[in-house]
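Please keep the coordinates open as you go through them.

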Amino acid sequence: MDWLNWLTMERWSPYAVGIGIGVLSWLAFLLSDKPIGCSTAFARTSGMIEKAFRGAGVDEKPYYRQFAPVIDWEWMLVLGIVVGALLSSLLSGGFGLSWVPPLWREAAGDSGVLRWGVALAGGVLMGIGARWAGGCTSGHGISGTLQLATSSWLAVVCFFAGGIATAMLIYRVWL
Amino acid sequence: MLEAIHGRKGLQLTLGFLLGIGFGFLLQRGGATRFDVIIGQLLFEDFTVVKIMLSAVLAGMVGVHALRSLGLARLHPKPGSMGSIVPGGLIFGLGFGILGYCPGTAAGAVGQGSLDALFGGILGILIGAGIFAAAYPALRKPVLERGDFGARTIPEILRLNAWVVVAVVSVAIFALLYFLERSGV
């Protein structure tokens with residue numbers, strides 16, 4: 001297999017992708033002394049936006065004293081994810097602007113407004129839950145479990161229990 | 001030498017960005033930034049997400065514990081309590097099933113052009129994080145600190161050498177992946 005072909009193919013084996021992510025976590029621990037995670041960056045951004053409207057007093061909120069509203073390593077990581085996924089989808093030809101994913105269209109029709117409203121509601125719950133649990137599918141689900149952290153193994157069970165129950169209810173019962 | 005690298009702020013921001021590019025590229029190429037793949041996993045129709053996560057945990061776990069045994073890395077397990085992890089995790093799961101992306105894969109989905117991930121997912125997660133920050137002082141003592149078990153790892157709790165647990169978890173992951181491949185999903 002020629003490497004150019006490999007660079008433009010639509011999908012890679014999930015095992016190759018998983019091992020690649022595992023190797024990235026080695027580099028993160030080695031070079032940055034940090035586990036890969038995503039949701040803290042969202043908390044910091046939310047604080048930055050609030051600060052833009054309400055001023056420096058936001059820094060004094062108890063939550064932002066723990067997670068200061070500033071651009072840090074993890075924030076750059078999340079920005080990098082957007083760029084990396086853009087590069088990947090441009091190279092493979094998978095890039096395309098869309099409001100409604102195919103599976104959603106099949107189940108609930110092609111209204112972009114409906115999909116937007118539902119995604120927004122889901123996002124709000126996810127933002128609350130991620131900060132409540134202190135991490136997401138990356139920070140707890142991959143980085144925490146690979147460190148054999150007790151909190152993270154429990155978290156990933158709750159993430160999937162909640163997610164499976166919700167998806168089953170929506171797609172098997174409702175729609 | 002590593003300490004010096006860890007202490008250089010500009011270099012660290014660049015490293016974070018570069019690692020993020022790698023992470024986003026892999027997530028997108030694996031299919032994990034697609035709504036259909038994530039919901040397919042929650043409905044047990046598509047096992048891509050579980051295959052990616054388990055192989056990442058397997059490779060990451062062995063490598064990071066090796067770095068630690070060589071004195072080249074330290075672990076940073078997150079603290080937890082029943083009051084934070086269980087309700088937080090279940091609320092996250094509710095959002096996961098509704099949104100069909102998680103915070104990292106939503107960022108990746110934005111990169112591939114999914115507008116529902118940007119104006120629904122990312123915006124919603126930011127609002128949710130802001131709501132949590134506002135509720136945090138009221139939740140801290142009565143809920144979040146309940147049933148605290150600290151930042152402990154499973155080997156610490158079981159009083160076992162970490163490599164014993166690494167070996168057991170590795171075998172379990174191999175067995176599960178083998179079972180998934182055998183059942184043809």
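**Notes on the predicted model**

1. Let me start with B:Leu139, which sits in helix α7 of chain B, spanning residues 115–144. Please bear in mind throughout that this is a predicted model. B:Leu139 counts as buried because its relative accessible area is 16%, under the 20% cut-off. Leaving aside residues up to four places away in sequence, B:Leu139 touches A:Trp132, B:Phe132 and B:Leu144.

2. Next, the interface between the chains. Chain B brings 119 residues to the contact and chain A brings 118 residues. About 10500 Å² is buried between chain B and chain A, with carbon and sulfur atoms giving 75% of that area. Of the area that chain B buries against chain A, 8% is supplied by B:Phe23, B:Arg29 and B:Lys78, more than by any other three residues.

3. How many salt bridges are there between chain B and chain A? The count is three. B:Glu45 forms a salt bridge with A:Arg172, where the closest N and O atoms are 2.5 Å apart. On the side of chain B that touches chain A, α7(B) gives the largest share, 24 residues. By class, that side of chain B has 72 nonpolar, 36 polar and 11 charged residues.

4. Not counting residues up to four places away in sequence, A:Thr166 touches B:Gly93, B:Leu94, B:Gly97 and B:Ile98.

5. Now for the domains of chain A. Domain 1 covers 1–97 and domain 2 covers 99–175, and their C-alpha centres lie 18 Å apart. In chain A, 12 residues of domain 1 are in contact with 10 residues of domain 2. The area buried between these two domains of chain A is about 790 Å², and carbon and sulfur atoms give 58% of it. A:Phe29, A:Ile36 and A:Ser39 supply 43% of what domain 1 of chain A buries against domain 2 of chain A, more than any other three residues.

6. Finally, the polar side of that domain boundary. Between domain 1 and domain 2 of chain A there are zero salt bridges, and three residue pairs in polar contact, both residues at pLDDT 80 or more. The side of domain 1 of chain A that touches domain 2 of chain A has eight nonpolar, four polar and no charged residues.

How values were computed. Residues numbered from 1 in each chain as written. Chains lettered and ligands numbered in written order. Predicted model: local features only at pLDDT ≥ 70, side-chain atom pairs only at ≥ 80, totals over all residues. Heavy atoms only, no water. Helix = DSSP H or I, 4+ residues; strand = E, 2+ residues; numbered from the N terminus. Buried < 20%, exposed > 50% of the residue type's maximum accessible area, 1.4 Å probe, protein only. Contact = heavy atoms within 4.5 Å. Buried area = accessible area lost by both parts, 1.4 Å probe. Salt bridge = Lys/Arg side-chain N within 4 Å of Asp/Glu carboxyl O. Nonpolar A, V, L, I, M, F, W, Y, C, P; charged D, E, K, R; others polar. Domains from an automatic or database assignment. Polar contact = N/O pair within 3.5 Å; in protein donor to acceptor, adjacent residues only side chain to side chain.
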